[in-house]
Amino acid sequence: MDLTDTPQDILGDDEEAPDFDAWESPDDVLKEGPTRERMLDVIMQLREPTKVSTIATRANCDTETARDYLQWFAEMGMVRELSGRPVRYERNNSYLQWRRIEQIRQQYSETEIVARLKETLDAATEYRERFEVDSPDDVSLVEESYDESVEDIWEAVSNWKTLEERAALLDAARREDTSGGHTETIDA
């Protein structure tokens, strides 16, 4: 039985089984969105400087269209153009951090930001006390694995890093930091 098969006994007398074959495939639906959205999806996933032709292929558009959108995204600060041959583009992480700080400011009041910052710093302090080091980067998986599994320690360290990043964003939002995402680790 295929997962999309509908047993006949669940249908009412006046109902028909849906024709799943008439539906568009999910891949087609995802590829057929507006070019701007496809381009945005691609640039948000860039992890390294990437050629225009590669970005165009990933966004399912022609190179000239991709170049026009990339120039527009560069003017907005979302990507950086790296000159040379070939011209490459990379995602501007500072822009993304600035956007996240602005979203926090719009979503929460200053009192709520401070409360969430305190919760986050308290949780980070618990990890600091648990591992008896000042930073998640100082945790030795080898030394800690005598008492716990490596996977559990790795998950704890990842959670701690996430808490520190969240604390830095909340603190920047509280300070109305407009530096575009200067997010250093802060002491709790």
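User: At what angle do the axes of helix α3 and helix α4 cross?

Analyst: First, the ground rules. This is a predicted model, where local features need pLDDT of at least 70 and side-chain atom pairs count only at pLDDT 80 or more, while totals for chains, interfaces and linings use all residues. Residues are numbered from 1 along each chain as its sequence is written, and side-chain values use heavy atoms, with hydrogens and water left out. Helices (H or I, at least four residues) and strands (E, at least two) are DSSP runs, numbered from the N terminus. An axis is a line fitted to C-alpha atoms, for helices over the stretch in contact, and angles run from 0 to 180 degrees between N-to-C directions. Here α3 (residues 52-59) and α4 (residues 63-76) cross at roughly 105°, and their axes come within 8 Å. That makes α3 roughly perpendicular to α4 (65 to 115 degrees; under 35 is roughly parallel, over 145 roughly antiparallel, the rest oblique).

User: Which residues of α3 and α4 meet?

Analyst: Contact means heavy atoms within 4.5 Å. From α3 come Val52, Ser53, Ile55 and Ala56; from α4, Thr63, Ala66, Arg67 and Leu70. By class, this contact has 5 nonpolar, 2 polar and 1 charged residues. Nonpolar covers Ala, Val, Leu, Ile, Met, Phe, Trp, Tyr, Cys and Pro; charged covers Asp, Glu, Lys and Arg; the others, Gly among them, are polar.

User: Which residues of α6 are buried?

Analyst: An α-helix has 3.6 residues a turn, so residues three or four places apart point the same way. Buried means under 20% relative accessible area, exposed over 50%, partly exposed in between (1.4 Å probe, protein chains only). In α6 the buried residues are Ile113, Leu117, Thr120, Leu121, Ala124, Tyr127, Arg128 and Phe131. Seen down the axis of α6, they fall within an arc of 110°, so they line one face of the helix. The arc is taken from the directions from the helix axis to the C-beta atoms. On the other side of α6, Thr111, Lys118, Glu119, Glu126 and Glu129 are exposed.

User: What do the buried residues of α6 pack against?

Analyst: They pack against α5 (93-107), α7 (141-144) and α8 (150-174).

User: How far does α6 reach from its first C-alpha to its last?

Analyst: The expected span is 1.5 Å times one less than the number of residues. Helix α6 (residues 110-131) has 22 residues and reaches 32 Å, close to the 32 Å expected.

User: Where does the backbone of this chain depart from the usual?

Analyst: Most residues other than glycine have a negative phi, and most peptide bonds are trans. Glutamate 132 has a positive phi of about 55°. It follows α6, in the loop between α6 and α7, and counts as exposed at 71% relative accessibility. Asparagine 60 has a phi near 55°. It sits in the loop between α3 and α4 and is partly exposed, with a relative accessible area of 45%. Then there is a cis peptide bond joining arginine 85 and proline 86, with omega about -10°. Proline 86 is in the loop between β2 (79-82) and β3 (88-91).

User: Is arginine 38 buried or exposed?

Analyst: Arginine 38 counts as buried, at 14% relative accessibility. Its place is in helix α2 (residues 35-44). Arginine 38 and arginine 58 are 20 residues apart in sequence and 8.3 Å apart in space, C-alpha to C-alpha.

User: How many helices and strands are in the chain?

Analyst: The chain has 8 helices and 3 strands. Of its 188 residues, 28% count as buried.
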